[in-house]
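Let's take a walk through this one together. Have the sequence and the model open side by side.

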Amino acid sequence: MTRPPTPDDPASEPTDSTSANPVPRDPPPSAYARLIDPHRGGGSAGLSRRAILRGSVAAAGLAVLAFAGQTIPFLRWISFLAPRSGEGPQGVPINRTASAAGVVDTAQSGDYRLTVASNGVTRSLSLDDLRRMPQHTSELPIACVEGWSAQGRWRGVRLRDLIGIVGGGTDRDVRFVSLERGLYGVSVLPANFVRNPATLVALELHDETLTIDHGFPCRLIAPNRPGVLQTKWLSRIEVL
Ligand SMILES: Nc1nc2c(c(=O)[nH]1)N[C@H]1C(S)=C(S)[C@@H](COP(=O)(O)O)O[C@H]1N2
Ligand SMILES: [Mo]
């Protein structure tokens, strides 16, 4: 059965097959899909079927890689198997690169705006607008379900300040939408994390502008959440 692709259809995700350095992607179990957006209606049956399908594609891919492993240099193979901690720009591993996510141009465009919406009130903010707001620092890890975690010193705008400019309170869940389409391009943050002063829309990591692979122009970083929900390349923030 085929279905027309929808903007948040995981089947429309770009794949990593074109990236020069293939990395294992997060297994996207159906439970994760519910975690990513518990507000999304509709049956989960289709999702889990796709997840199963993707699982077998991934297994086939791993088998190919295991075979290819016999011909790739030993050290590279070891580094493929190693948990990715401490590697990557700014000392934090990359889960998915901007190019794999298809956001290289939109993320770096001069027309970039972050849209913030609550109750019909909408504001579009440029990166400079975000930089002019009060900046705060949070020491928070990225903890990936793949089995690595890395501590980061993030700096940016407090989420509660940001939604305050459209009159949004901190008693509602908030949805984050990425420039990237697909399963990883959206997450919902429960209200208690919205209130938390450590929850940032981060512009910097380790005192430098976020690299594009870490989510430039801005990304969500909140305490005590799986990495998959720390949405990169934010495009829209909606108070639900
Ligand atoms: N838009 C988007 N955000 C994303 C992802 C993604 O693929 N797309 N990957 C997530 C996952 S699984 C993890 S572990 C973290 C990793 O962040 P990092 O790549 O900056 O280390 O980003 C999360 N945010
Ligand atoms: Mo992850």
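Which residues does Ile 237 touch, not counting residues up to four places away in sequence? They are Leu 114, Val 116, Leu 162, Ile 163, Val 174 and Phe 176, where a contact puts C-beta atoms, placed from the backbone, within 7 Å.

A quick word on ground rules: this is a predicted model, where local features need pLDDT of at least 70, side-chain atom pairs count only at pLDDT 80 or more, and totals for chains, interfaces and linings use all residues. Residues are numbered from 1 along each chain as its sequence is written, while chains are lettered from A and ligands numbered from 1 in the order in which they are written.

Ile 237, Val 174 and Phe 176 are among the residues with the most contacts inside the largest nonpolar core, which has 40 residues. Such a core is a set of buried Ala, Val, Leu, Ile, Met, Phe, Trp, Tyr and Cys residues joined through C-beta atoms within 7 Å; buried means 20 or more other C-beta atoms within 10 Å of a residue's own. Strand S7 (residues 200-205) gives this core its largest share, 5 residues; strands are DSSP runs (E, at least two residues), numbered from the N terminus.

Now for the sheet. Five strands, in the order S2-S1-S10-S5-S6, form an open sheet with mixed pairing, a pair needing at least two DSSP bridges. S2 (121-125) and S6 (186-189) each have a single partner strand, so one side of each is left without a neighbour in the sheet. S5 (residues 174-178) runs antiparallel to S6, joined by 4 bridges, and Phe 176 stands opposite Ser 187 in S6.

Conventions:
A residue is buried if 20 or more other C-beta atoms lie within 10 Å of its own, exposed if 12 or fewer, and partly exposed in between; C-beta atoms are placed from the backbone. Two residues are in contact if their C-beta atoms, placed from the backbone, lie within 7 Å.
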